[in-house]
Amino acid sequence: MIKVLVATAATQGARDSDYHWCVDGELVWIAPMCADDWLDPDRGCGCGRAFAGLNSHRATTTAMVRTLEGLSRDDYVEAIRSSLDAQGYDGGLAPEIADSLLELIHDLPDGAVVEHRLEYVQVRERTP
Ligand SMILES: [Zn+2]
């Protein structure tokens, strides 16, 4: 049982630059960002503030911390690996990406809504 980030519509609109094209509840990761977005996470293509859906291959600016019953680290790595493979990224990076995501949200409470600002992921709002 591990804590992961899933796409959520919660708190959408809190920032003018919000968008939500993912499927609610799908696992997300943080994809590599382009040069434009490194200058300003609210401009560019939107990758500087995005979480990317592992299944939909679409993106959202809001993600929720969720403890998923029955999901092991190995399952998580495999989900990331297959998504990377499907999108032409190096699937061999999956264990490293999984562990960095797990580490990132390790201390956050279940139900916390987070946003991504370039190299930071920060809590936006807590829901009961
Ligand atoms: Zn971009």
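Keep in mind as you look around that the model is predicted.

Let us start with the zinc ion. Four residues hold on to the zinc ion: Cys-34, Cys-45 and Cys-47 each through an SG atom, and Asp-37 through OD, at 2.1 to 2.2 Å. How are the 4 donor atoms arranged around the zinc ion? The angles among them run from 86 to 130 degrees, and the site is tetrahedral. If you read along the chain, the donors follow the spacing C-x2-D-x7-C-x1-C.

Cys-47 has 15% relative accessibility, and because buried means under 20%, Cys-47 counts as buried.

Leu-68 is part of strand S5 (residues 63-68). With a relative accessible area of 27%, Leu-68 is partly exposed. Which residues does Leu-68 contact once its neighbours within four places in sequence are left aside? They are Met-1, Ile-2, Val-4 and Leu-27.

Back in the loop between S2 and H1, you can find Ala-31. Ala-31 touches Ala-52 and Tyr-89, not counting residues up to four places away in sequence. Ala-31 and Gly-53 are 22 residues apart in sequence, and from C-alpha to C-alpha they are 9.5 Å apart in space.

Next comes Gly-91, in the loop between helix H2 (73-86) and H3. At 6% relative accessibility, Gly-91 counts as buried. Setting aside residues up to four places away in sequence, Gly-91 touches Arg-81, Leu-84 and Asp-85. The C-alpha atom of Gly-91 is separated by 15 Å from that of Ala-52, and the two residues are 39 residues apart along the chain. Asp-85, one of the residues that Gly-91 touches, lies in helix H2. Asp-85 has 47% relative accessibility and counts as partly exposed.

Now for some empty space. Rolling a probe the size of a water molecule over the atoms shows where empty space is left. The largest pocket holds about 240 Å³ of space. Its lining is made of 13 residues, and those nearest the centre of the pocket are Ile-30, Ile-97, Ser-100, Leu-101 and Leu-104. Which element supplies the largest share of the lining? H3 does, with 5 residues. Helix H3 (94-105) and strand S7 (120-126) each supply at least two residues of this lining. Sorted by class, the lining has 9 nonpolar, 2 polar and 2 charged residues.

Our last stop is about the backbone. Most residues other than glycine have a negative phi. Where might you look for positive values here? One place is His-57, a residue other than glycine whose phi is positive, near 60 degrees. His-57 lies in the loop between S3 and strand S4 (59-60). The relative accessible area of His-57 is 37%, so this residue is partly exposed.

Another place is Leu-118, where phi is also positive, near 50 degrees. Leu-118 is found in the loop between strand S6 (112-117) and S7. Is Leu-118 buried or exposed? Leu-118 counts as buried, because its relative accessibility is 14%.

Note on methods: Residues numbered from 1 in each chain as written. Predicted model: local features only at pLDDT ≥ 70, side-chain atom pairs only at ≥ 80, totals over all residues. Heavy atoms only, no water. Helix = DSSP H or I, 4+ residues; strand = E, 2+ residues; numbered from the N terminus. Buried < 20%, exposed > 50% of the residue type's maximum accessible area, 1.4 Å probe, protein only. Contact = heavy atoms within 4.5 Å. Donors = N, O, S within 2.8 Å, 3.2 Å for Na, K, Ca; no water. Tetrahedral: all angles 85-135°; square planar, octahedral: opposite > 155°, others 65-115°. 1 Å grid on protein atoms, 1.4 Å probe; cavity = no way out; pocket = protein on both sides within 12 Å on 5 of 7 lines; lining within 4 Å. Points joined across faces, edges and corners; volume = space filled by probe spheres on them. Nonpolar A, V, L, I, M, F, W, Y, C, P; charged D, E, K, R; others polar.
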